[in-house]
Structure formats: C-alpha cells, structure tokens
Amino acid sequence: NPSVENINSNSSISTLYPVSYVSVDFALGLLMFGRVYLLCRFIIFHSHLFLDTSTRSIGYLNKISIDYLFLIKVYLQQYPVSCLMSFFIIVFLIGSWCLRACNYTSTNEHMSMLNAMWLFIVTFLTVGYGDFAPSTYCGRTIASLIGLFGILITALVITVLTQKLLLNRWEKYVHSFVLNVELAKNRKMQAANVIKFALQVWILKKKNVSKSSIRYLRAQRNLFQSIHFLHEIKQKEGQQVDNCVDQIDVVSVQRNTSAQVRKNECLHVKLLISRVIYQGKYKMADINDTCIQLMRLINVDSSSHNERKNSLNIVSLPSTKIVTIDSNVPNNKDIHPQNVYKNRNNGNTSFSKISHRLTIRKNLHKQLCIVTDIMCILGILGIILMMIENEITFSQVNDKDTIWSWSIKIVISSSTIVLIGFIFRYHRLDLSLYAVNNSIEDYRIAITYKKIFLILLEILVCGIHPMPRSFPCCLSPSVENISSNSSTSNSSSSSSSSSSSSLSVLSTDVVLSFPMFARVYLLGRFIMFHSPLFPDISARSIGYLNRVSIDYVFLIKTYLQQWPTRCLTTLCIIIFFVGSWCIRACDYTPTKEHVSMLNAMWFFVVTFTTIGYGDFTPSTYCGRTIASIIGLFGILATALLITVLSQKLLMNRWEKYVHSFVLNVELAKKRKIQAANIIKFAFQVWHLKRKNVSLSSVLYLQAQRRLFQSIHSIHEIKQKQGRQVDNCVDQIDIISVQRNISAQTYEVSEQLKIMKVKIDKIEDKLVEMDININNTIKDMQKTLNILLDKISK
C-alpha cells in the first residue's frame, strides 16, 4: 500500500539507526568475500612456475615449495607495479562496497557508491577530512581494516622504492671517498687533542697537583673524551670500508685471489722441480768439471765421509735463516733465582689484579640488577596507582580530592621519593662499573656534563607526579545533591558553554599524571639487565673485541630480528592502552564529562592510523598534544612494520636459486628466438635487396625495423642474464666459497710441505751420490796414476 510505505518512510526519517545496527544479510554477505582465495588458487594453477616440472624438481631438491607465498615473492620481485596496482584495485572495489553497505546517511539510507569510494580513498590514504565518517561499529571495523591495508600497501611501495633508490657500487665509492676525507680531518684534530691533553696531564703531575683537584680531573676527562672520540672515528672509518664493499666486489676479489693462489702454487712446484733438475744437471754434467768444483769447495781428506757431507751441505744448499747464539756470553753464567722470583711475582700480581677487577665487576652487575628490579617495580606501581586515583576522581561530580584519592597520592609520593634515592644509587654503581671497565682510578673522572644532564633529566622524569594537597573534608549527601543539581541546571541554562569546554580546561592532577608514563623506560632497563646477552661476560668480550657495545639499542635490534611479531604486538598493545587512557583523561564530552574508554579507543585507532574522520576531535590543548604524539607513534610503528615486511618478503638463497634457474631458462629460450629472428629478418632484407626493392618501400623498412628490434632485444636479454648472475650471489655463498677455498689452500699447503720434504730427501740423496761418484772417480784416478807410474817405471 503506498500510504503504508509513506508512513514507514516518515517513521524511518524520524528515528535514526543506532551505532551498533547492521543488517543480517550484509553480515552474512561479508563472509562471501572470503571466496577471493579461489582467485589465488586460480593464479597458482595457471602460473608457469607451478606447472613446470623442472622448476618443481629444482624447488624440491632445494627444499623450496612452489606455493602461493613463493609466487607472491616472485611476482613482487619481477612485476612490482602490476602486482601492487592489481591488489589495490581489488581492495578498492571490495572496500568501497562494504563501506556503502555498512554506513548510513542522516536519512537512514545507504551511502552512495561515489561517496563510499571517496571515504575509502580518504581512509586508505589515512587523510580523514571529516566530511564523511563511519556511522556504525561495522563501518568502523571495516574502516580500521582499510587503514591497515593502506599502511601495508605503503610499506610495500616504500620497500620497492628503497630497492630502486639505493646507491649502486660506484655511487657508494664516491660517497665513501667524501666521508673518508671528512673523517680523516676529524681524526687528525682528535689526535692533536689527545697529545694536547696528555701533555697537560703530565705537566700537572710534574707540578705535584693533587689527583682529586678539579684541574687534574678535568684534564683527565678531556683526555678520555678525546680518546673515545678517536675510537669512534676509527669505527666509522671501518664502517665506511665495510659499506663500500659490495658482494660482487667480494666475489671478484675471491676469484682473482684463488686464481693467483693457483698460479703461485704451480710456479712454486715448477721452481722446485727445476731446482732439482738444475742441480742434478749442474753437478752431473761432466766428470772433470765436477771434480774441479769439488776440489775447490772441499779441502779435506777423502776418507772423512761425514765431514765431506757436512761441508757439501753447507756449500750446496740455498741460503736459509740460521738462529745463532752470541759467543760472548760465557757458558758458565748462572741464572739468578731472584730475577725468576721477581718475574713470577709480577705475573701473579697482574693476574691477581685482573681477577680482582673481574670480581668487582661481577658484584657491581649484581647490585645494578637488584637496583633496576626495585626501580622497575616502584615505577610500574606508581603508574598503576596514578590511574586508579584518576579513575576515582573521574567518577566524582567535581575534580576535588577524596579520602581515597588523597591516600593514594601519599603512597605515590612516598614511592617516588624512594625511587629517586635508587636513581642516585644506580648511577653511582654505573660510574663505578665504568671506572672498573676502563681502568680508571677515580670514578669522578667519568662524570661529564652529558652524564649530569642525563641524571637530572631522569630525576625530573621520575619526580613528576600528582602530589597530595590539603586534607579533603567529607561532604554531606545533601551538599553533593545540591552541587550536582546546580551543575545540571547551569549546564541546561547555558547551552553554549556546556556544548564545548574550553581548550585550556584540564585538571592539575591529570597534567601531572601524564609524565608518569615516561617511567616505562625502567621496564626497558629491566629487560636489558635480565637479557642473557647483557650479563654474559663472554658475549660482552666478543662485542668489545668486535667494537659492538651490548646496550639497549643492540638488544632492541636483536629482539626485533629474532621475534619481530611479538615485539611489535607487545609495543602496539602497550601504546594502545596508554594512549587510549590519556585521551580519556584529556578530552571531554559536550556535557563536560570525560570521554568513555570505548570512544577513546576508537579515537586512538583513528589517530594512530593517521586517518582522523572528524567524528571525535581533541577538546583541550593536552588532548591535541596527546593526539600528535599518537600520530608520531603511528608513523614509527609503520616504519617498523615496513622493516619487518621487507625482511619477510625478501626471497632467501634457495628461493633465489629456483627463481634464477627459471628466469635463466626463459631468457635462454628468448635469446634463441631473437637470434633466429635476426637470421630471419637479415635474410629477408637480403632477399628484398636482391629483388631490387626500393629502400624507401614499406616492406624493406618493416623488415629492417624488425631486424634492429631483434638485435636490441638480444642485447637486453644478455644484460638480464648478467644481472641474474649477480642477483643470485648471497653472503652465505661468499662465506661457503671462502671456507672451501681456505680448505683447499690448506690441503695444497700440506701437500707442498710433503713435497718439500721429499725434494729435500732427493737433494740429500743426490749430494750423497755426487760424493760417492766423486770419491770413486778419485779412487779410480789414484789407481790409474799408480798403474801409470808402475808402467812408466
């Protein structure tokens, strides 16, 4: 009936849908979008990587499954723009329709598709002008998901841009050269400062200035600072050398080194063999020459065989390093036992000093750990009590203290005083530990202006808290009712003042409560001192030898590398609850009440994802400050998410092998096709020339253009094949190649040692043979001379 329809339409206009309203059909329809996974399966089964048997075999041999995740990495690596655009279009259409179905206008009608698309773009780009905002909880949920998708797409785009905008190897060389020049200048300046302050310390010592005087301590502190800066500059120079080295450089150097080692080994073997052959030829070439040479070298009797052998060894062997003993030292000189006793005492004294320092260091670590635990407990306890006290105050009509809140403030103040005392104790132990680690006699040398500033800053951060004022007086119930009625009457009479509270209106206790959240840094210090890397002496020693300080920044990197999901989730949860409560404490509703926790959470999500629809806005300067800080944390969390995604979406070495194998096969096929096209179109051009076709005809120009296109394509394919060789190289490959080459070098060196021993034995045998032959020849000459003498007689 049309009249019934008009009545229903008028009633729908008069009553608005609640925020929690959503159609049952739409709630069931949202689940149908899960069928998009069938499209992913379609892509898998139609991918050439999945269908190719050789690819799957290579992947199986390299323990790589050709699944959807592998295909995502491959397509993002090969076609980043196409993949991102396709994903954005699918998410854009689905998200726009979901926003249209979820949200309603002021007349209880669904949003138009164009408005839904605009709301999607505003949410996806995390802009949020405020002209459109989600009107239901379902719409808010979908908007949150769209904001997260926007952050993910931003992360992927930044990852692709990072790969494209990185400096190549030649640009790194130029940049490294400029930085090295600057570091060399700074290094010279710091070296001059070291000499200057060392001379100043020496002059003060010569003047017998007290070691506890301000001049001496200041000069020593300046000296240690200059040495520290000099070490930092050396570390930066080493980092510049490491940053300038590329994987391709390492591989090329490794290849050249291995080739040079092989050449040297072959040359060494040839020299040894030629040496043996040359000596043999030189000594056995002619009997007369050999006898003359031996007669010149040896002037001993032929019967003393051992003496001849020794003398021949001295003469014929090449020059070697001989360790000689000074003949001026008498053999009967006695060793004084007092000198030995002194050396032993010096060794024992140095060893006892080292053990004493290690014991002191261990005790200081234990004391620091205990002090850190107590500080962390006091800091977290103060934050919890502060939140409880503020919630009690929020539940009151006015912001005046009650007996409970006043008592809680007393406890917070007491814990803060104890916490400040432990802060002084912590820094005293920290300075002592620094003095022990750096062999400093007085810990006051380590006190710098920066250290004093950090201590004062920490005291200021931990010292701010809501302090108890005058003791509260109990109000009667009538007075409370009167005050509440007066507040409601005032709010109803002045609608303009009740509708919006002033930006500067905020309780003093709330202002003093917010800085207490900075005590969360004590939790980070607690994690640092209870980490297995920090108290371990071996880990700290290895870090010191490799110029890596085991500090909080190193631990953050370690945990983000080891457990990225847990760290990011924990960080986001802590920031979510703390930020939501701060927004609740800061902002007010039009009735001058604090915002509810659910609305504060929604406002946090909208601000954290940098969307800002405009349905909730900060009502105080404090709220605006908190919103700005939350937006900055959202950007930092996005950066961390980008880093984690970059590591997770990169292909590992085995996936690179499989992908490189497939691309090389495809490039080889394309290269053959283009080579055949070159022959084909070259023959076509030659055939048209033989037919005397005009050079300006369409057929001739078309054949020539195709020929040049084929030549250009084959050059591009060659370049891509060269890039594939470089992209397949990884650090692990370089390390494995280095290990294999070192093992081969060790084996070759051992074989060379064995060969040297054998050649020395051969040389000794040749010498013995030479001596024996010479002796026999001499004997024969003697006998012949005797026979000749007899015959002549």
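User: How far from a polar atom of the side chain of His594 does the backbone oxygen of Arg584 lie?

Analyst: This is a predicted model, in which local features need pLDDT of at least 70 and side-chain atom pairs count only at pLDDT 80 or more, while totals for chains, interfaces and linings use all residues. Residues are numbered from 1 along each chain as its sequence is written, and side-chain values use heavy atoms, with hydrogens and water left out. A polar contact is a pair of N or O atoms within 3.5 Å; within protein, one must be able to donate a hydrogen and the other to accept it, and residues adjacent in sequence count only if both atoms are side-chain atoms. The side chain of His594 reaches the backbone oxygen of Ala585 at 3.3 Å, and for the backbone oxygen of Arg584 the value is 3.2 Å.

User: Is His594 buried or exposed?

Analyst: His594 is found in the loop between α24 (564–586) and α25 (597–608). A residue is buried under 20% relative accessible area, exposed over 50%, and partly exposed in between (1.4 Å probe, protein chains only). Because the relative accessible area of His594 is 14%, the residue counts as buried.

User: Which residues is His594 in contact with, leaving aside its neighbours within four places in sequence?

Analyst: Contact means that heavy atoms are within 4.5 Å. With the neighbours within four places in sequence left aside, the partners of His594 are Phe394, Arg584, Ala585, Asp587, Tyr588 and Thr589.

User: Which side chain makes a polar contact with the side chain of His465?

Analyst: His465 has its place in the loop between α17 (449–463) and α18 (477–493), and with a relative accessible area of 7% it is buried. The backbone oxygen of Gly463 lies 2.8 Å from a polar atom of the His465 side chain. Apart from neighbours within four places in sequence, the contacts of His465 include Ile412, Leu512 and Arg519. The side-chain partner in a polar contact, at 2.9 Å, is Ser413.

User: How many helices are there in the protein?

Analyst: Helices (H or I, at least four residues) and strands (E, at least two) are DSSP runs, numbered from the N terminus. The protein has zero strands, and its number of helices is 29.

User: What percentage of the contacts in the protein with a separation of 6 or more is accounted for by residues 24 or more positions apart?

Analyst: The protein has 793 residues, of which 30% are buried. Of the contacts with a separation of 6 or more, the share from residues 24 or more positions apart is 76%.

User: At roughly what angle do the axes of helix α6 and helix α7 cross?

Analyst: Axes are lines fitted to C-alpha atoms, for helices over the stretch in contact, and angles run from 0 to 180 degrees between N-to-C directions. Tyr75, Leu76, Gln77 and Gln78 of α6 meet Pro80, Cys83 and Leu84 of α7. The axes of α6 (residues 68–78) and α7 (residues 80–102) come within 5 Å, and their crossing angle is roughly 115 degrees.

User: How wide an arc around the axis of α21 do the buried residues cover?

Analyst: In helix α21 (residues 521–529), the buried residues are Leu522, Gly524, Arg525, Met528 and Phe529. They lie on the same side of α21, because they cover an arc (taken from the directions from the helix axis to the C-beta atoms) of only 155 degrees.

User: Which residue has the nearest cysteine sulfur to Cys582?

Analyst: A disulfide is a pair of cysteine sulfur atoms within 2.5 Å, and by this rule the count is zero. Cys582 is in no disulfide, and the nearest cysteine sulfur, 6.8 Å away, is that of Cys586.

User: How far apart are the C-alpha atoms of Ser226 and Ala191?

Analyst: Ser226 has its place in helix α11 (residues 214–244) and counts as buried at 4% relative accessibility. Leaving aside neighbours within four places in sequence, Ser226 is in contact with Gln190, Asn193, Val194 and Phe197. Ser226 and Ala191 are 35 residues apart along the chain, and their C-alpha atoms are separated by 7.6 Å.

User: About how many degrees is the positive phi of Asn208?

Analyst: Asn208 lies in the loop between α10 (169–206) and α11. At 69% relative accessibility, Asn208 counts as exposed. Asn208 is not a glycine, yet it has a positive phi of about 60 degrees.
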